[in-house]
Amino acid sequence: MKENISKYLTKKENNQKKNYKNKLMGFLNKILICVILGISLLIIMKKNDDFKNFMDKKVFKDNLSFAYINDLYNKYFGSVLPSYKTEEVAPVFKEKLEYKTYNKFHDGYKLEVSNSYLTPVIESGIIVYIGEMDLYGNVLIVEGIDGVDIWYGNISNINGKLYDYVNSGDFIGETKDNFLYLVFQKNGEYLDFETYIKD
């Protein structure tokens, strides 16, 4: 009996060591790939002036969408941090934006919603700002993976912290009354409500 238990424990310890080693090797491979890609880009920029000008424009002059880069990286390489498999849990809150009416308001739009409306995320992205703004009250800005910054104004009970990744349809907060302010901005230009919202 003792012999069987010791064999079982030894086998379990070996499996744990093997899993740890596989995760470590996977993480090191991701780092190696990133280093190779970075060095390759630097070499190409050094040799090709057109590519250097292109990178200069895209990285230093235009808005660089970290949410888009994060989404691409996770799609092809997986998460930077090691993941531990847990049971799949269905989301409790997965909604679409619902409103009664909307009107132009300053640089954005004022939507009439139900009182204390549970606001969903319109486009997946990274929370880049939380704070007060004139005209809009308490504001949360999500930089979407499509490069559009979406401002959610008049929000309380915010569900998330700065630099958290949020998915489309997730609960982001609730309105303080029956109005929600939305602003859509890309590369310093304000976008039209009708062209951005896809019903």
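Analyst: The protein exposes about 14,100 Å², of which carbon and sulfur atoms supply 57%; accessible areas come from the Shrake-Rupley method with a 1.4 Å probe, and for residues only the protein chains shown count as cover. This is a predicted model, in which local features need pLDDT of at least 70 and side-chain atom pairs count only at pLDDT 80 or more, while totals for chains, interfaces and linings use all residues. Residues are numbered from 1 along each chain as its sequence is written, and side-chain values use heavy atoms, with hydrogens and water left out.

User: What percentage of the residues of the protein count as buried?

Analyst: A residue is called buried under 20% relative accessible area, exposed over 50% and partly exposed in between, with a 1.4 Å probe and protein chains only. Of the 199 residues of the protein, the share that counts as buried is 27%.

User: How many residues of strand β6 are buried?

Analyst: Helices (H or I, at least four residues) and strands (E, at least two) are DSSP runs, numbered from the N terminus. Strand β6 covers residues 149-153 and is mostly covered. Asp149, Trp151 and Gly153 point one way, whereas Ile150 and Tyr152 point the other way, and all are buried. The number of buried residues in β6 is therefore five of five.

User: Which residue stands opposite Ile150 in β10?

Analyst: Two strands pair if DSSP finds at least two bridges between them. Strand β6 is joined by five bridges to β10 (residues 179-186), and the two run antiparallel. In β10, the residue opposite Ile150 is Phe184.

User: Is Val35 buried, exposed or partly exposed, and why?

Analyst: Val35 is found in helix α1, which spans residues 2-47. Because its relative accessible area is 43%, Val35 counts as partly exposed.
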